[in-house]
Amino acid sequence: MGRRFPYHGYIILIYNIFGTRDLSPCPKKGMVNISGSKSKALFAEAQRYIPGGVNSPVRAFKAVGGDPLFISKGEGSRICDADGHTYIDYVCSWGPHILGHAHPRVMAALKETAARGTSFGAPTALELQLARMLVEAVPSLELVRLVNSGTEAVSSALRLARAYTGRSRIVKFAGCYHGHVDSLLIKAGSGVSTLGLPDSPGITPGTAQDTLALPYNDLEFVREVFARQGEEIAAVILEPVAANMGVVLPRPGFLEGLRELTTRFGALLIFDEVITGFRLGAGGAQEYFNVIPDLTILGKIIGGGLPVGAYGGRREIMELVAPLGPVYQAGTLAGNPLAVTAGIATLEILARPGTYTLLEERGLRLREALARLAAAAGVPVSVQGIASLFTVFFTLHPVADYAEAACCDQQRFRRFFRLLLQNGIYIAPSPFEAWFLSLAHSEEDLEATLAAAEKAFFALGEGRQI
Ligand SMILES: Cc1ncc(COP(=O)(O)O)c(C=O)c1O
């Protein structure tokens, strides 16, 4: 500890066993001036053409203040902003870059595929290869359909679940995010039998009334809802490890209880593994916890950083999807050769022996060290995570659901974020997001991160012991 972030003016050549490079792409030295002039100017101009200057709201830095950084380049564990500053990146494009940025093998495969054309709107051997890899790795998948985003996969899976069961209602959990699907942008109403309320203008009460938003990890609550309305429920959808209210693990028995309830009432269990898929292991959370859903949603890692999504599950359910069955779903760019190529190369590297053990071991070490540093500085935190995914919650108590996540000290998070950024560490600009570790994060990166975190916690806690 105590080592400073290495703003090298030269190339660091540290190759790890997986062949990813830790290579500082930008030459700037010293503490980062985060009000960089180029990012600022680009953001000002972007706001003239794009709503809020961004193509996805969280990128606007609203939760942490200031202007977002415009990123010009990524390599390994590092990203570089428009002003030439380098950061160790724990956003990793919100999860897909489990190998780090611009992995040489993925880049080479993409060049080769692109040279043969980028899209045909016809079947390719590449999409078959990715589909086979998914079915072989993920326990619940017998058939899988590739789409372009997690949102698209979720909306298709809900349509399918409703068609299969002949029912309308969907149970979701507050704090779980499933993309911007109308029927899931719903907040909880009050009382056990109260239906969901629209969480965004533009969602009709009719849509909202088919969704029940319940507290995560509260199996008793779900039991009560099923006892009253179980025959009307088409599906229960959840993140098996919640990662969009910060990382919240399922309580022991929660996933098993949902599996038992849905089976008993003839509803489908849908695991949204857009984040956990190929992050907790090749078989995702379902393999990790040994609870097998009826349908699974995938995205992020399976596209290696290109736009992708997938939904799949039991053969008899998936056989309802067109052209085999009557449930319509289609996509001009679905199974896109470039996205599929990046996905295949990524999964092949992840399949090498030791990858997940290494990620898990580094993730655990980072979580433990962050908790220790916070305690030493007198800053109450709950560092929660699994494998290579975690969140630092600024709270005295462990967080088990959205209500508890929402009570964390968001001002402290905001200061923590800015202190880390000033010291070259880029984490998600929101207290409700995860840190994503990649295979490209080296021991030196971890040390630099902890050195920056130590300074940040000290500033937050003013050096007091808990
Ligand atoms: C768990 C989960 N499901 C679905 C989505 C939506 O995926 P996309 O942004 O590709 O539409 C996300 C996005 O972050 C997600 O985290």
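Keep in mind that the model is predicted.

Let's start with the seven-stranded sheet. It is open, its pairing is mixed, and reading across it you get S6-S14-S13-S12-S11-S7-S10. At the two edges sit strand S6 (143-147) and strand S10 (211-215), each of which pairs on one side only. If you ignore direction, neighbouring strands in this sheet are turned by 20° against each other on average. As background, strands of a sheet pair through backbone hydrogen bonds, either parallel or antiparallel.

Helix H3 (residues 125-137) lies across S6, strand S13 (295-299) and strand S14 (309-313), and it runs at about 130° to S6. H4 also lies across S6, S13 and S14, along with S7, S11 and strand S12 (268-272). Relative to S13, H4 runs at about 170°.

Which helix supplies the largest share of the shell around the ligand? That would be helix H4 (residues 150-165), with three residues. There are 15 residues around the ligand, and the ones that come nearest are Ser149, Gly150, Thr151, Gly179 and Val274. By class, the shell has eight polar residues, five nonpolar and two charged.

There is another sheet to look at. This one is open too, with four strands in the order S3-S4-S5-S17 and mixed pairing. Strand S3 (71-75) and strand S17 (425-426) are at its edges with a single partner strand each, so one side of each has no neighbour in the sheet. S17 pairs with S5 in the parallel sense, over two bridges. Within S17, Tyr426 is the residue that stands opposite Asp89.

Next, the helix-helix contacts. Two packed helices are described by the angle between their axes and the distance between the axes. Take helix H6 (residues 219-229) and helix H7 (residues 254-265): they pack at about 10°, with axes 10 Å apart. H6 and H7 are therefore roughly parallel to each other. On the H6 side the contact involves Leu219, Val222, Arg223 and Phe226, and these meet Phe254, Gly257, Leu258, Leu261 and Phe265 in H7. Sorted by class, the contact of H6 with H7 has seven nonpolar residues, one polar and one charged.

In one, helix H11 (residues 355-377) packs against helix H14 (residues 443-461) at an angle of about 25°, and the axes are 8 Å apart. H11 passes H14 in a right-handed crossing. From H11 the contact draws on Arg362, Arg365, Leu366, Ala369, Leu370, Leu373, Ala374 and Ala377, while H14 brings Leu446, Leu450, Ala453, Glu454, Phe457, Phe458, Leu460 and Gly461. Those residues of the H11 and H14 contact split into twelve nonpolar, three charged and one polar.

The other H14 packing is with helix H13 (residues 410-422), where the axes come within 9 Å and cross at roughly 140°. That makes H13 oblique to H14. The crossing of H13 and H14 is right-handed. H13 contributes Arg412, Arg415, Phe416, Leu419 and Leu420, and H14 contributes Ala452, Ala453, Lys455, Ala456, Ala459 and Leu460. The contact of H13 with H14 counts eight nonpolar and three charged residues, with no polar ones.

Finally, two backbone details to check in your viewer. Where is the cis peptide bond? It runs from Ala322 to Pro323, with omega near 10°. Pro323 itself lies in the loop between helix H9 (315-318) and helix H10 (337-350). The other detail is Cys92, a residue other than glycine with a positive phi, near 50°. You'll find Cys92 in the loop between strand S5 (86-89) and helix H2 (104-114).

How values were computed: Residues numbered from 1 in each chain as written. Predicted model: local features only at pLDDT ≥ 70, side-chain atom pairs only at ≥ 80, totals over all residues. Axes fitted to C-alpha atoms, helices over the stretch in contact; angles between N-to-C directions. Left-handed = near helix turned anticlockwise from the far one by under 90°. Contact = placed C-beta atoms within 7 Å. Nonpolar A, V, L, I, M, F, W, Y, C, P; charged D, E, K, R; others polar. Near = placed C-beta within 6 Å. Pairing = 2+ DSSP bridges. Parallel < 35°, antiparallel > 145°, perpendicular 65-115°, else oblique.
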